[in-house]
Amino acid sequence: MYDYVIVGAGSAGCVLAARLSENPDVKVALLEAGGPDTRPEISMPIAFPMLLKSTVDWDLLGEQEPGLGNRRLFLPRGKVLGGSGSINAMIYVRGNRADYDEWAAGGAEGWSYDEVLPYFKRSEDNERGANEFHGAGGPMGVSDGRAMSPLIETMIEASVLAGHEHNPDFNGAVQDGVGRFQVTQRDGRRCSTAAAFLHPAEGRPNLDVITDALALRILFDGSRAVGIEVSRGGAVEEIRAGREVILSAGAYQSPVLLMISGIGPADDLAPYGIEVRENLPVGHNLQDHCMAQLNYETDEPSLFGTFTPDNFELLEQGRGPLTSNIPEAGAFFRTRPELSAPDIEFHYAPSMFYDEGLTAPHAGGYCFGPVVVKPTSRGRVMLRAPLADSKPRVLCNFLTAEED
């Protein structure tokens, strides 16, 4: 019996477990379907594409996308301590002030930019130091990139010559402009929330981190969630919560767990014979960012061929090309001047990045491309089968809205 049972040790779950277990009078269980974040590729920034379709990736394949000529998309999601924050590109961008203020205006009390900023600052250990927008001394390592690829300087200069402002801090006073990203790294290594929040807390006697534990369903006493049924080591067991069950299993797996536990659209659950506890639109209103990369070959120095003994030596010193997160820089643009915030983000990388990152570059190159920041298109997460280990059906509906 625990006070809190947290399902999913991703970017949210690790923070929740660390913060809740600061109170020695409560007992916390953190459940993770994957294993520990010990693979060396996790801490080596440039190696994140190697983690795709590996044992630390849920490796989902989306449904046919009507807005993309029925193409099916590879959807990587972290299945490891740290979740997707252990396999992503480490870009540190919080979101625009206008987004938070819009949420607050819509009734999300406490979510205005001025109200959330102190929490961002409190979480940060920004190597630039503390100021109006940033904090120092917090658990999350935030740093400037250390690879400093020359191609990136060329791309930033080209953007400035095209009329865009240089912006040294996308998390500062304004988001518009072009510049280098800050990254969630410490000393040139990935700093996921597992590294920043969870591992320093793992020695607490009131926190149990349970890996390789697949959540099968939510347990109920009447209408109250009282625990989780899990599969671990070939056996099924119950882990009970006296206060709260917290689902932080991500945008895909949290809806799946709710639906197989009877909370979801009745019309979707009925074909599987699932008893409906609450008829709710779980899985609806999925929002994601559509991105298109343009790749070019070049004879200029790039990240191609960087896995050399000299560069591994530099990595041990916390610098060099192996510390690159690949999309080292980017930009935020407004496609129309009347917009209250940028609606397009660009990523700039001193490497080709194609086939959704699943094929290594064949030559030296660079890439850049737009991301729809605030999509109008809405998708869905649906059950493929009434089983926790069955991969969900995910329809992003990219570019089905004219505005996108």
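Is Cys191, at 4% relative accessibility, buried or exposed? Cys191 counts as buried, because its relative accessibility is 4%; buried here means under 20% relative accessible area and exposed over 50%, with partly exposed in between, for a 1.4 Å probe and protein chains only.

Before going further, a word on the basis of these values. This is a predicted model, in which local features need pLDDT of at least 70 and side-chain atom pairs count only at pLDDT 80 or more, while totals for chains, interfaces and linings use all residues. Residues are numbered from 1 along each chain as its sequence is written, and side-chain values use heavy atoms, with hydrogens and water left out.

Let me stay with the cysteines. The structure holds zero disulfides, a disulfide being a pair of cysteine sulfur atoms within 2.5 Å. For Cys191, the nearest cysteine sulfur belongs to Cys14 and lies 11 Å away. Cys396 is likewise in no disulfide, and the sulfur of Cys290, the nearest, is 8.6 Å away. Cys396 counts as buried because its relative accessibility is 4%.

I turn now to the nonpolar cores. Such a core is a set of buried Ala, Val, Leu, Ile, Met, Phe, Trp, Tyr and Cys residues joined through side-chain atoms within 4.5 Å. The largest has 37 residues, and Val5, Leu31, Ile228 and Ile239 touch the most other members. Elements that each supply at least two residues to this core include β1 (2–7), β13 (224–232) and α7 (250–260); helices (H or I, at least four residues) and strands (E, at least two) are DSSP runs, numbered from the N terminus. The greatest contribution, five residues, comes from α7. Beyond its neighbours within four places in sequence, Ile228 is in contact with residues including Val5, Leu31, Ile239 and Leu257, where contact means heavy atoms within 4.5 Å. A second, separate core of 27 residues includes Tyr113, Phe133, Met140 and Leu198.

Finally, consider helix α5. Its twelve residues, 150–161, should span 16 Å at 1.5 Å a residue, and the end C-alpha atoms are 17 Å apart, which agrees; the expected span is 1.5 Å times one less than the number of residues. Leu151, Ile152, Met155, Ile156 and Ser159 are the buried residues of α5. Seen down the axis, they fall within an arc of 140 degrees, so they line one face of the helix; the arc is that of the directions from the helix axis to the C-beta atoms. These buried residues pack against β7 (177–180), β19 (329–333), β20 (344–349) and β21 (365–372). The face turned away from the buried side carries the exposed residues Pro150 and Leu161.
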